[in-house]
Amino acid sequence: MKNPVYWAVLVGMTVLLMEQGLPVRSQGDSHSDNKVMDNITVRQGETVFLKCSQGDVVTHTAWLNRSSILYAGEDKWSVDPRVSLVTLNQEEFTIKIENVDMTDEGQYVCAVQTSSRPRTTSVHILVQVPPKIINLSRDIVVNEGSNVTLMCQASGKPEPSISWKLISSSGDLASDDEYLEIPSISRQRAGTYECTAVNDIDADLQTVDITVNYAPTVSEGRYVGVTLGQRGVLECEADAVPEADFEWYKDDRRIFNGFDGMEIVNTGSASKLTFFNVSDGDYGNYTCVATNILGSSNTSFLLYGPIAVQDGSGGTMGVHSHTCLLFIVFLPFLLRF
């Protein structure tokens, strides 16, 4: 049965010994009444067993944690359901603590009363905790040229190391710090950034997406030759974030979908202006304008048809306009001779 007076004296004696500090001796040192066992290292969530040697002359025994009695003989004093008795006989007194947490870390003492004098055995439990990222920057959208700082903080024991890398690139952008600084970010630095927290136990990984907005740039326009009555297509491509809106113009007049038998189809980063039955009035200069919230860009196209010229026999032959244009370019040089 529990004797409150006796155990109060025993606890007071044990706490006094703990406060005075016990010499570190091996567990097998039979000349010491007070023993300090090696530290027990356990991972968070695992079960730890605390074993204390007994003997025939032991009259009372108890396991304590920081002046609180866990077990006094077979009597459980702890209200923690994770703590339970494993073995109690003349050889050993063993208890276990299941699902160990950081709050269980610290010194544990087995206090034994013999017929002659008390003795104690103490052990320190070290709890290792796998890393967990607890504070991470959110996905962000920024304009090109902005300064960006990403933050990644993690808990764990031992203290985890933090590293950053841009996983959508060749890996030339990286950091071994909880803060990643990206000055004057460019569109090439957009993508998914990976934060990794690592310690001796495990690793934790999370990602942050950076979207970089920039003004459109359009592909260079070109000359497109189409025979009368045939189908012709002018295609305009734009690189932009967010995606660009497209407008088409012939000279200074805007073209709308369905105008004069023309069709405009926009598909993400491209816009197609289609002529289903090219007529003389369709030939000429066209301008594609790509616009988003950060600006606009444009490029020009020339839609042309074949040009008929007289051959030496009085007949006609088709000469495409690009051949005619080359002739016009070199005509001044020919006139010099």
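How many disulfides does the structure hold? Three. I'd like to walk you through them this morning, one after another.

A word about the model before that. It is a predicted one, where local features need pLDDT of at least 70, side-chain atom pairs count only at pLDDT 80 or more, and totals for chains, interfaces and linings use all residues. Residues are numbered from 1 along each chain as its sequence is written, and side-chain values use heavy atoms, with hydrogens and water left out.

Now, some terms. A disulfide is a covalent bond between the sulfur atoms of two cysteines; here the test is a pair of cysteine sulfur atoms within 2.5 Å. Strands are DSSP runs of E, at least two residues, numbered from the N terminus. And buried stands for under 20% relative accessible area, with a 1.4 Å probe and protein chains only.

Let's start with Cys52 and Cys110. Their sulfur atoms sit 2.1 Å apart and form a disulfide. Cys52 belongs to strand β3 (residues 48-53) and Cys110 to strand β9 (residues 106-114), so this pair ties together parts that are 58 residues apart in sequence. The link of Cys52 and Cys110 is left-handed, with -80° about the S-S bond. Buried or exposed, these two, Cys52 and Cys110? Both Cys52 and Cys110 are buried.

On to Cys152 and Cys195. Here the sulfur atoms are 1.9 Å apart, again forming a disulfide. Cys152 is found in strand β12 (residues 148-157) and Cys195 in strand β16 (residues 191-198), so the bond ties together parts 43 residues apart in sequence. The torsion about the S-S bond of Cys152 and Cys195 is about -75°, so this disulfide is left-handed. Cys152 counts as buried, at 0% relative accessibility, and Cys195 is buried too, with a relative accessible area of 0%.

That brings us to Cys236 and Cys288, a disulfide with sulfur atoms 2.1 Å apart. The pair links distant parts of the chain: Cys236 is in strand β19 (residues 232-241) and Cys288 in strand β24 (residues 284-292), 52 residues apart. With -80° about the S-S bond, the link between Cys236 and Cys288 is left-handed. Cys236 is buried, its relative accessible area being 0%, and Cys288 counts as buried at 0% relative accessibility.

So what pattern do the disulfides of the protein follow? Count the bonded cysteines along the chain, and you get 1-2, 3-4, 5-6.

Definitions and conventions: Helices (H or I, at least four residues) and strands (E, at least two) are DSSP runs, numbered from the N terminus. Buried means under 20% relative accessible area, exposed over 50%, partly exposed in between (1.4 Å probe, protein chains only).
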